[in-house]
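Please open the model in a viewer and keep the sequence at hand.

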Amino acid sequence: MNIKDPGESMVWRFFLLFNGKQQRMEQHSKRKCGKLKKPEELKPFEWTLVNRTDLYFRLSEGKTPDTVRVEMPRLANGVGVYGGS
């Protein structure tokens, strides 16, 4: 699918949710990011960006976007809290 360019500084913050589970593909702001895969290298429930506007993701065999809830963030900033605090 084609998306709005998230901008250079946002690529490392970009992620998808598959059925509520976050998939970052080693993209983060705390250390060096992993290299994004080519679309043909994707495994189920992985994603990649090509030219920052072409989003590709792969679902498990037999799954469709109608049977898997795929969500994309819309906010540039946010806070996540995990575990006890």
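**Confidence**

Begin by colouring the chain by pLDDT, since this is a predicted model. The protein chain has an average pLDDT of 80, and 78% of the residues score at least 70. Select helix H1, residues 8–11, where the mean pLDDT is the lowest among the elements, at 61. Then select strand S4, residues 54–58, which has the highest mean, at 91.

**The sheet**

Next, display the strands S2, S1 and S5, which form an open sheet in that order with antiparallel pairing. S2 and S5 (70–71) are the edge strands, each pairing on one side only. Between S1 and S5, the antiparallel pairing runs over two bridges. To see a bridge, select Phe 18 together with Val 70, its bridge partner in S5.

**The aromatic cluster**

Keep Phe 18 selected and show its side chain. Is this residue buried or exposed? Phe 18 counts as buried, at 5% relative accessibility.

Phe 45 itself is partly exposed, with a relative accessible area of 27%.

Because Phe 18 lies in strand S1 and Phe 57 in strand S4, the pair ties together parts that are 39 residues apart in sequence. Phe 57 is partly exposed, with a relative accessible area of 28%. Viewed together, Phe 18, Phe 45 and Phe 57 are linked into a cluster by their ring pairs.

**Glu 46 and its surroundings**

Move to Glu 46 in strand S3 (residues 46–50). Glu 46 has a relative accessible area of 12% and is therefore buried. Show the side chain of Lys 37 as well: a polar contact of 2.7 Å connects it with the side chain of Glu 46. Leaving aside residues up to four places away in sequence, Glu 46 also touches other residues, including Phe 18, Met 25, Tyr 56 and Phe 57.

Select Met 25 next. With residues up to four places away in sequence again left out, Met 25 touches Leu 36, Lys 37, Glu 46 and Trp 47.

**The nonpolar core**

Which residues make up the largest nonpolar core? Select Ile 3, Phe 14, Leu 16, Phe 18, Met 25, Trp 47, Leu 49, Leu 55, Leu 59 and Val 68, ten residues in all. Strands S1 and S3 each supply at least two residues of this core.

**Two backbone features**

Finally, inspect the backbone torsions. Most residues other than glycine have a negative phi. Select Asn 19, in the loop between S1 and S2: its phi is positive, at about 50°, although the residue is not a glycine. Asn 19 counts as partly exposed, at 46% relative accessibility.

Return to Phe 45, in the loop between S2 and S3. Phe 45 is likewise not a glycine, yet has a positive phi of about 65°.

Terms used. Residues numbered from 1 in each chain as written. Heavy atoms only, no water. pLDDT = per-residue confidence, 0-100. Helix = DSSP H or I, 4+ residues; strand = E, 2+ residues; numbered from the N terminus. Buried < 20%, exposed > 50% of the residue type's maximum accessible area, 1.4 Å probe, protein only. Polar contact = N/O pair within 3.5 Å; in protein donor to acceptor, adjacent residues only side chain to side chain. Contact = heavy atoms within 4.5 Å. Phe/Tyr/Trp six-rings, centres within 6.5 Å; stacked < 30°, edge-to-face > 60°. Pairing = 2+ DSSP bridges. Core = buried A, V, L, I, M, F, W, Y, C linked by side-chain atoms within 4.5 Å.
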